[in-house]
Amino acid sequence: MKIPELLAPAGNMDSLRAALHFGADAVYGGMKHFGLRAFAGNFGPDDLQTAVRLAHAAGRKFYVTMNIYPFDDELEAFGKAAGEAADCGVDAAIVADPGAIRFLRKKVPELPIHVSTQANTLNAPAAELYSDLGCERVILAREMSLDRIRMLHEKIVNRIQLETFVHGASCMAYSGRCMLSAYLTGRSGNRGECAQPCRWQYNS
């Protein structure tokens with residue numbers, strides 16, 4: 001059996017060193033902008049270069065998180081930051097938005113792309129779509145069971161790498177992709193059964 005890559009978060013230099021010390025095969029961390037962990041400390045341009053150098057010196061990989069959903073007026077800075085990350089030698093950028101992925105494939109074609117779990121990839125056609133966009137890996141939605149992951153894997157063998165969270169929170173909502181009803185009532189809005197708890201009246 002092939003041993004999978006063990007990937008750990010690194011919000012700052014201390015957590016990076018800890019992850020490398022305790023055996024992570026790769027780490028992921030954000031820059032000062034464009035990642036979804038704004039309060040993690042993150043890496044400025046000089047720190048990112050140092051972090052990548054430390055990871056590579058230990059024979060490990062460093063992936064940079066760029067998984068916000070950018071607006072049009074943010075794309076130029078988004079692409080510039082991706083180019084700077086590529087210049088630092090990051091092994092891939094983790095991106096969520098399909099438009100941002102397509103944009104980066106044209107803007108920074110040398111930068112490998114991994115599809116963030118925020119993209120909610122749940123099925124083989126979606127994974128194949130990201131493969132067609134030139135992505136190397138898709139990080140599956142955290143709600144997927146082992147059986148469903150196995151089923152998806154069997155359908156897309158050798159098309160694209162798969163990654164899944166061993167531990168992680170299940171986010172509640174993003175413009176219609178909501179877990180709130182399923183969590184509170186057992187009725188999933190993503191399956192047409194929303195109990196609309198966002199419209200309930202709550203008391204503290």
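Arg142 is partly exposed, because its relative accessible area is 22%; buried means under 20%, exposed over 50% and partly exposed in between, with a 1.4 Å probe and protein chains only. The model is predicted, so local features need pLDDT of at least 70 and side-chain atom pairs count only at pLDDT 80 or more, while totals for chains, interfaces and linings use all residues. Residues are numbered from 1 along each chain as its sequence is written, and side-chain values use heavy atoms, with hydrogens and water left out.

Arg142 lies in the loop between strand S6 (137-139) and helix H6 (146-155). Helices (H or I, at least four residues) and strands (E, at least two) are DSSP runs, numbered from the N terminus. Leaving aside neighbours within four places in sequence, Arg142 is in contact (heavy atoms within 4.5 Å) with Thr117, Gln118, Phe165, Gly168, Ala169, Ser170 and Cys171. Asn120 is 22 residues from Arg142 along the chain, and their C-alpha atoms are separated by 7.9 Å.

The next topic is a pair of helices. Helix H3 (residues 75-88) packs with helix H4 (residues 98-107) at an angle of about 55°, and their axes are 10 Å apart. Axes are lines fitted to C-alpha atoms, for helices over the stretch in contact, and angles run from 0 to 180 degrees between N-to-C directions. H3 and H4 are therefore oblique to each other; angles under 35 degrees count as roughly parallel, over 145 as roughly antiparallel, 65 to 115 as roughly perpendicular and the rest as oblique. On the H3 side the contact is made by Leu75, Phe78, Gly79 and Ala82, and on the H4 side by Ala100, Phe103, Leu104 and Lys107. These residues divide into 6 nonpolar, 1 polar and 1 charged. Here Ala, Val, Leu, Ile, Met, Phe, Trp, Tyr, Cys and Pro count as nonpolar, Asp, Glu, Lys and Arg as charged, and the others, Gly among them, as polar.

The structure holds 3 aromatic pairs. Rings of Phe, Tyr and Trp (its six-membered ring) pair if their centres lie within 6.5 Å; planes under 30 degrees apart count as stacked, over 60 as edge-to-face and the rest as tilted. One of the pairs is Phe34 with Phe78, edge-to-face at 5.4 Å centre to centre and 85° between the planes. Phe34 lies in the loop between strand S2 (26-30) and helix H2 (45-57) and Phe78 in helix H3, so the pair ties together parts that are 44 residues apart in sequence. Both Phe34 and Phe78 are buried. Trp200 and Tyr202 form a tilted pair, with 6.1 Å centre to centre and 35° between the planes. Trp200 is partly exposed at 38% relative accessible area, and Tyr202 is exposed at 52%.
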